Amino acid sequence: MAISSSSKLLNLSFRRYGCSMARFSPSLRGGLSSHRTPANCISLPGIKQCRWFASYPPHEVIGMPSLSPTMEAGSIASWNINEGGSFAAGDVLCEIETDKATVSFEAQDDGVIARILAQAGPDEIKCGVPILITVEDEEHAGAFKDYVVDTAASSSSSVPSSPEPDAAASPPLEAPVEVPSPAVVPPDQTAVSGGGATAATLEGGKVVASPLAWTVAKEKGLDLSSIAIVGTGPDGRIVADDVREYIPMAATGATAPAGAAATAAGSPTPLSPTVSESYTDVPQSDAMIAAANLLSYSKQTIPHYYLTVDVTLDALISLRDSLNAALGEKAPQISLNDLLIKAAACAMKSCPSANASWMGDSVRMYDNVDVNVVMGNGDSLYSPVLHNVGSRGLKSISEELSMNLKNIEEGTVQGDNFAAVGTVTFMNLGPYGVKSCAPIIRAPQAVALALGAAENRIVPKEDGEGDDIYETKVLLTATLSCDHRVVDGAVGAQYLSAFKAAIETPEMLLL
């Protein structure tokens, strides 16, 4: 008895998974050519069912293929061949998106697409769930115009009753989880709210995540419908790696100040590190977890770009020496860092467009310049805010910075200024010998300024003549990270130009 091309396609699929048609019952082999009814139910990755009934011509119901060893589900990006279209071996039937990539699903033999059961779109389909029906002859395609496959029961609604397939071989699609619509995080929150919707949501409020992501989330005790996690998969879909890298927050945005207060009281008992044979897990405080989660959220959601400029410090150093000489040796001294923070705030007055935040459908412009100054390191890393720096004197700025540093060193961190978010972040890595740094913008801010080490550099003289055309000056590299939704390239350049002018002409700090 001759075997049809549909039988060849099925046989190829069987051989792919290490078996042959000869191992199945005679009724199945006969069903491929003589159309006996019903044929045995077969469940393989990529071929959900193979049933032939007297009311339908010979056909195959093909399921979502497993295109990689770890693939559990995928979505159809596009169909390359429409219903009624014929295909040859090697033709791409459709493009399938997985967690990792978009893969082409190729035909193994000639045939005609009689019915497409799953339309292209972002919805995920588990491996084995029917996606199309193929026939051998084009004239048979019209017979399947009203053919419908019930994915929950893995059987056709238009086919006579038949033995139900194994439930484990055809799991139903997970029902989407309803979540509230996303809300804009207020500027005074120190972390992204854990009770809001995730970034990977559709208009209907459904969480879009891969099955493996749901599994990993369940293992970690996370509910994807109630945490602010940003998907990095196709169309913002949450994939397993997003869940693995997610750092849980202690609670909502109000938790960070409470965590800071607890740290100040010294009440939390440090957790002991978990030591294994090849690594050590070091528990982190609630404040560190909240800060890490905020930075992760900011990096994934804010469109960063960076601008860099070299700044000459000779005039600023001269001003510092003059001020300290006037204060006397016994008085607290003004540091170069104090002057640089003041210059960063004064530059905001010259470029107020950078002192702003993205609010979702508007840009909020701030009147005062509140600077988060990154201080300390490791478990003692904080960024207390200095309020209204543009209107304060250098001595006031220096005294508050010294007090904050003392509290950090003594472990007596207290006050809302250690938890509040300002309008700009300032980071000086010069003491560590770092030449430059591109900082992460701290949401909801629009800019972050990082300074490198001050060093002697040989530069051309502006009015050099003869052999004396070079001179030595003290320079540092300043890098500005910008949120492109708020600060475009021209505004960012304007701010750095104002910052450079305030440092190289320090008299402007008095204006």
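Here is a short chat about what sits behind some labels on this predicted model.

Modeller: Ground rules: the model is predicted, local features need pLDDT of at least 70, side-chain atom pairs count only at pLDDT 80 or more, and totals for chains, interfaces and linings use all residues. Residues are numbered from 1 along each chain as its sequence is written, and side-chain values use heavy atoms, with hydrogens and water left out.

Biologist: What makes Trp 214 of helix α3 a buried residue?

Modeller: Buried means under 20% relative accessible area (1.4 Å probe, protein chains only). Trp 214 is on the buried list for α3 (residues 211-219), along with Pro 211, Ala 213, Val 216 and Ala 217, so that cut-off applies to Trp 214. Across the protein chain, buried residues make up 45% of the 511 residues.

Biologist: And what covers the buried residues of α3?

Modeller: The cover includes β2 (73-79) and α4 (240-245). After α3 comes Gly 221, with a positive phi near 75°.

Biologist: Which residues of α8 and α9 make their contact?

Modeller: Contact means heavy atoms within 4.5 Å; here Asn 337, Asp 338, Leu 339, Ile 341 and Lys 342 of α8 meet Leu 394, Ile 397, Ser 398 and Leu 401 of α9.

Methods
Buried means under 20% relative accessible area, exposed over 50%, partly exposed in between (1.4 Å probe, protein chains only). Helices (H or I, at least four residues) and strands (E, at least two) are DSSP runs, numbered from the N terminus.
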